[in-house]
Amino acid sequence: YREGFLWKRGRDNGQFLNRKFVLSEADGVLKYFAKHDAKEPKAVIKVDNINATFQPTKIGNPNGLQITYLKDNSTRNIFVYHEEEKVIEQWRVWEEGAYGQRENVSHWDAWSRQARNIEPKMIPKAMR
């Protein structure tokens, strides 16, 4: 289970807003919330439908990540970034690890160890 805040680009105006993201390995989903105190997520995305790639040029930030997924037989994209490179790398590792765990991929242990090694030093307290 991972929880934190990323800057997400809005669909209509392209403005980046700080959004809460939750990644649940047990449920195999990535959720994001439109408001910090929202009880219900704006989106619930199955990790086995996610393809996350670094896209700094497309997003306009050196730590930009494009999350592509299927919803209702359509390809959707979420564009996010974090000010700290290690934090966005961490989210990428967690997403891969969550997918690996769901698929019983043996690399999950390596990803999980890597995530634990980065997390305490690099993630702001607000994100822990």
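## Pairing of β3 with β4

In this predicted model, strand β3 pairs with strand β4 in the antiparallel sense, and 4 bridges join the two. Strand β3 covers residues 29-33, while β4 covers residues 43-46. Within this pairing, K31 stands opposite V44 of β4.

## Pairing of β3 with β2

Strand β3 is also joined to strand β2, which spans residues 16-24. These two strands run antiparallel and are linked by 5 bridges. S24 stands opposite V29 in β3.

Strands β2 and β3 form a hairpin, with 4 residues lying between them. The turn includes G28, whose phi is positive, at about 70°.

Strand β3 is mostly covered, as 4 of its 5 residues are buried. In a regular strand, side chains alternate between the two faces of the sheet.

When neighbours within four places in sequence are set aside, L30 is in contact with F21, V22, L23, A43, V44, I45, V47, I50, I67, W91 and E95.

## The largest nonpolar core

The largest nonpolar core contains 19 residues. L30 is among those with the most contacts inside this core, together with F21, I50, I67, I78, V80 and W91. Two or more residues of the core come from each of β2, β3, β4, β6 (64-71), β7 (74-81) and α2 (85-102). The element that gives the most is α2, with 4 residues.

Conventions: Residues numbered from 1 in each chain as written. Predicted model: local features only at pLDDT ≥ 70, side-chain atom pairs only at ≥ 80, totals over all residues. Heavy atoms only, no water. Buried < 20%, exposed > 50% of the residue type's maximum accessible area, 1.4 Å probe, protein only. Pairing = 2+ DSSP bridges. Core = buried A, V, L, I, M, F, W, Y, C linked by side-chain atoms within 4.5 Å. Contact = heavy atoms within 4.5 Å.
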